[in-house]
Amino acid sequence: DSVEQFRDVMLPQLDLRVEARNLRRFRRDFAGATQVAFPQPLADLTTEKVMVESFVHGEPILKYCEDGLKSMKDREELATIGLATVMKMIFLHDFVHGDLHPGNILIDRNQSVSGKPLRLNMIDCGLVVEMGEQDHVNLVRVLGAFIKKDGMQAGHLMIDTAKKCQATQLDVELFCKGIQKICEDDDDNNFLESVGDYLADICYLACKHKVKLEASFINAALACEIMEGIASKLYPTLKVQHIALPMVFRAEVMHGLSSW
C-alpha cells in the first residue's frame, strides 16, 4: 500500500504539463497577492517532457536566516508571509506545495507595488497535496480537535478516516488514550506551535497500535512543520497560532463545522 502511494505521487511528476497546471492553480489561488508569487508557465512551449516558465529573480530565503545580514523587520515580515501562505494552502485552498524546502523559496521586492514590499516566490511546484472535499473536512476536524486539546476526538477521527486500518478495538482505545495524553502533557503549548513534536509522537503511536494514518494528514502537517521551522529561524518569537487560528476558524465555517 505504501509503495502504491509513493507511485501515485511520483508518476504524475514525469509529465511536466502537470507542474504547469499546478502553477496555474497557485497563481489563481493567490491572484491579487502582492507578497506571494509563482512563475508563469508558458503553455505554448510546454510539453510532457519540457516545461518553460518565467524566470524568477531573487535571493534564497536562507540568506535572510543568517544573523546580521538582514534586518529583523524584514525577517519578521517574511516569517509572517510564509506562514500565512502555507496556512491558506492547507486550510482554505486545499492545494499545498508539497516540496517547500528553503531552496524552493526565493525572495525579491515587488517593483510594481508602492513601497516595493518583500515578496516570496515559490518555485518547483511539481509535487502538491490536494485532498478533495471529504478528506479536507476530515483534516480540519482533526486539527480542530488538536487545537481544542480533545485528544480522544482527534484519535477517533484519525482512525475513522484511515483506510485499511488493522487496529483491534484495544489498539484503538490505547491509540486514542495516547493522543489524549500528548495533548494533556503539552498543556503549556498550542498544537500549532509544536507540530513537529506532535507529529513524531502521533507516528510512534500509530506504528505501535497498527493505525494507518492518512497520507493527506501527514503531508499537510509536514508542510506546516517545514514552514514553521523556516519562520522560527527567521523570527524565533513569532506566534504561529496568531496566524493559523483564524485560518482554522474560517475552514470550519467553510465546511459548516464551527462550534466555537
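Reader: What classes do the residues lining the second largest pocket fall into?

Author: The lining splits into eight nonpolar, four polar and three charged residues. Nonpolar covers Ala, Val, Leu, Ile, Met, Phe, Trp, Tyr, Cys and Pro, charged covers Asp, Glu, Lys and Arg, and the others, Gly among them, are polar. Bear in mind that this is a predicted model, where local features need pLDDT of at least 70 and side-chain atom pairs need 80 or more, while totals for chains, interfaces and linings use all residues. Numbering starts at 1 along each chain as its sequence is written, and side-chain values use heavy atoms, with hydrogens and water left out.

Reader: OK, and how much space lies in that second largest pocket?

Author: About 240 Å³. There are 15 lining residues, and R27, V36, A37, F38 and R119 are the closest to the pocket's centre. A pocket here is an open set of points on a 1 Å grid with protein on both sides within 12 Å along at least five of seven lines, and lining residues have an atom within 4 Å of a point.

Reader: Which strands supply at least two residues each to the lining?

Author: β1 (36-37) and β5 (118-122) each do that for the second largest pocket.

Reader: Switching topic: how many cavities of 30 Å³ or more are there?

Author: The count is two, a cavity being grid points where a 1.4 Å probe fits but cannot get out. The second largest cavity holds about 70 Å³ of space.

Reader: What lines that second largest cavity?

Author: I90, F91, L139, L143, F191, L192, V195, F217, A220, A221 and C224 do. By class, that is eleven nonpolar residues, no polar and no charged.

Reader: Which element gives the most to that lining?

Author: α8 does, with four residues. α3 (72-93), α4 and α8 are the elements that give two or more residues to the second largest cavity's lining.

Reader: So what about α4 and α8: at what angle do they pack?

Author: α4 (residues 133-147) packs on α8 at about 60°, with the axes 10 Å apart. The two helices are therefore oblique to each other; under 35 degrees would count as roughly parallel, 65 to 115 as roughly perpendicular and over 145 as roughly antiparallel.

Reader: Which residues meet there?

Author: From α4 you get D135, L139, V142, L143 and F146, and they meet S216, F217 and A220 in α8. That contact (heavy atoms within 4.5 Å) has six nonpolar residues, one polar and one charged.

Reader: And how do α7 and α8 cross?

Author: α7 (residues 195-208) and α8 (residues 215-234) cross at roughly 150°, and their axes come within 9 Å. So α7 is roughly antiparallel to α8. V195, G196, L199, I202 and C203 on the α7 side meet F217, I218, A221, L222, C224, E225 and E228 on the α8 side. In classes, that makes nine nonpolar, one polar and two charged residues.

Reader: Last one: what's the packing angle of α4 and α9?

Author: About 135°, with the axes of α4 and α9 (residues 240-254) 10 Å apart. That makes α4 oblique to α9. H136, V140, G144 and I147 in α4 meet L245, V248, A251, E252 and M254 in α9. This contact has six nonpolar, two polar and one charged residues.

How values were computed. Axes are lines fitted to C-alpha atoms, for helices over the stretch in contact, and angles run from 0 to 180 degrees between N-to-C directions. Grid points are joined across faces, edges and corners, and a volume is the space filled by probe spheres set on the points.
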